[in-house]
Amino acid sequence: MRKILLSLLLSGLFCASIAAQKISKPTLTASEATAAQKSVIQEGIALHDSKKYGEAAKKYREVLQENPDCTFAMYELALTYYANLDYQNALEVAFKGTKYKSKELSLFYGIIANVWDDKGQSDEAIKLYQDGIKMLRDEKDSDEHLSSLYFNLGVTYTRLKKYSEAREALKKAVEYNFGYASPSYVLAEIFSGTKYKVPGLLAAARLISLETNTPRAARSVKIFLDALNSAQKDEKTGNINIFMDINAPKDEGDFAMYDLLLGTLTAVKTDEDKNKTDEEIFAGAVDTLIAMLSEDKKISKTFVGKTYIPFMAEMKKQGFSKIFAYLVLQKNGNKAAEKWLVENERKTLDFFSWAKSYKAAKRD
C-alpha cells in the first residue's frame with residue numbers, strides 16, 4: 001500500500017511540475033525523417049494500431065536515437081504513450097515537441113491538453129490552448145495550427161457544456177482553415193442542438209461537401225434535412241403546419257423568416273413542379289434557399305454570412321448545387337439520387353475537388 005501511495009504521490013508531483021512548465025514560442029528547427037526512418041515510423045504506427053504500444057514506442061525511439069529533432073517520430077511516440085495511459089512520458093515528449101517549429105506543433109498541444117482533460121483538469125487544458133493561440137496568432141503560416149488549437153479549445157468547452165464559448169472557438173477554427181471538416185461538424189451539432197436552425201443547416205452542408213460515407217456525413221445530412229423539412233403536412237386536409245420557435249436566439253443573425261420558410265420549400269408545390277421528380281423539387285428548394293440567403297444583406301456580416309453563405313452561393317454559381325442536393329438525398333437512402341450521381345460521376349468528383357480547395361474570404 002505504501003508503494004502505491006508513493007507512486008501516486010510521485011505521479012501527482014510530476015504532473016504538477018509539468019503543468020508549471022511555461023510554454024514559449026518554438027525556436028528549434030525540426031528535422032525531416034529520412035525515407036528509411038519514415039519506414040520505421042510506419043512500422044511503429046502499424047504496431048500502435050494493433051495496440052502493441054511497447055513495440056511501437058521502441059520503433060519511434062530507434063528513429064529518435066538517429067534523428068533527435070524528428071518531430072514526426074516525437075509526436076507518434078507521445079501519442080503512443082498517451083494511448084497506453086503513460087501520461088508522464090506522453091507529457092514529457094509532447095512538451096519537448098512544442099519547442100520545435102513543425103507541422104506537428106498543434107498536435108503536441110493537443111496531447112498535453114488531452115492529458116489534462118483526462119485528469120479532470122479542463123482549466124489547465126483551456127489555458128494551454130489559449131497560450132498557444134496567443135503565441136501563434138501573429139506567426140507566419142500558422143493558420144492550420146491556430147485552427148487546430150481553436151478546434152480543440154472548442155471541443156473542451158463543449159465537454160464542459162459551455163456552448164457559447166465553444167461556438168466562438170469553433171468559428172475561429174473554421175475561419176482559420178475552411179477546409180478543416182471537424183470544426184464545421186461540431187458547430188453543426190451545437191447550432192442544431194441550441195436552436196440555431198439555419199446556422200446548423202449551413203455548417204452541416206459544409207461537412208457534407210468535405211466528407212462522404214462517414215458517420216459524421218450521415219449525421220450532418222440528418223441535421224440538414226431536419227431543418228429543411230421542418231414543416232408537417234396533414235394528410236387528411238392537405239394543410240401544412242409550420243412550427244416557429246419565437247424564442248430562437250438571434251445573436252448569430254435573425255433567421256426567423258427562414259425558420260418559417262424552410263419547411264415550405266419542399267412541401268409547397270407550384271404548377272411548374274407538376275412534371276418534376278421529388279429529387280428535382282428538393283434540388284430546386286436548395287437552390288431557392290441559397291438564393292434567399294445570399295441576397296440577404298442583414299445577415300451578410302454574421303459569421304455564417306461571411307463563411308458558409310458565400311461558399312453555398314459560389315457552389316450554386318459553379319453549377320454544383322444539384323450535385324450537392326442529390327448527395328444529401330443519396331446519403332439519406334434515395335436510390336434515384338444515387339443512380340443520378342453514378343451517371344454524373346465525373347461532375348460529382350469535380351464538385352468534391354472544388355469544395356475541398358475552396359478558400360473562404362480572409363478574416364477581418
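I began with helix α9 and listed its buried residues: Ala166, Arg167, Ala169, Leu170, Lys171, Ala173, Val174 and Tyr176. Buried means under 20% relative accessible area, exposed over 50%, and partly exposed in between, with a 1.4 Å probe and protein chains only. Helices (H or I, at least four residues) and strands (E, at least two) are DSSP runs, numbered from the N terminus.

This is a predicted model, in which local features need pLDDT of at least 70 and side-chain atom pairs count only at pLDDT 80 or more, while totals for chains, interfaces and linings use all residues. Residues are numbered from 1 along each chain as its sequence is written, and side-chain values use heavy atoms, with hydrogens and water left out.

I looked up what covers the buried residues of α9, and the list includes α8 (143–159), α10 (181–193), α15 (303–306) and α16 (308–317). Contact here means heavy atoms within 4.5 Å.

Next I turned to the largest nonpolar core, which has 111 residues. A nonpolar core is a set of buried Ala, Val, Leu, Ile, Met, Phe, Trp, Tyr and Cys residues joined through side-chain atoms within 4.5 Å. Among those with the most contacts inside this core are Leu202, Phe224, Tyr308 and Phe351. Helix α11 (residues 197–210) gives the largest share of this core, nine residues.

I then searched for aromatic pairs and found 19 in the whole structure. Rings of Phe, Tyr and Trp (its six-membered ring) pair if their centres lie within 6.5 Å; planes under 30 degrees apart count as stacked, over 60 as edge-to-face and the rest as tilted. Phe351 and Phe352 are a tilted pair, because their ring centres are 5.5 Å apart and their planes are at 55°. Phe351 is buried at a relative accessible area of 0%, and Phe352 is buried at 12%.

At Phe311 I noted the charged end of Arg206 over the ring, 4.6 Å from its centre. A charge sits over a ring if NZ of Lys or CZ of Arg is within 6 Å of the ring centre and within 35 degrees of the ring normal.

My last entry is Asp117, which is found in helix α6 and is buried, with a relative accessible area of 13%. Not counting residues up to four places away in sequence, Asp117 touches Ser122, Ala125, Thr156 and Arg159.
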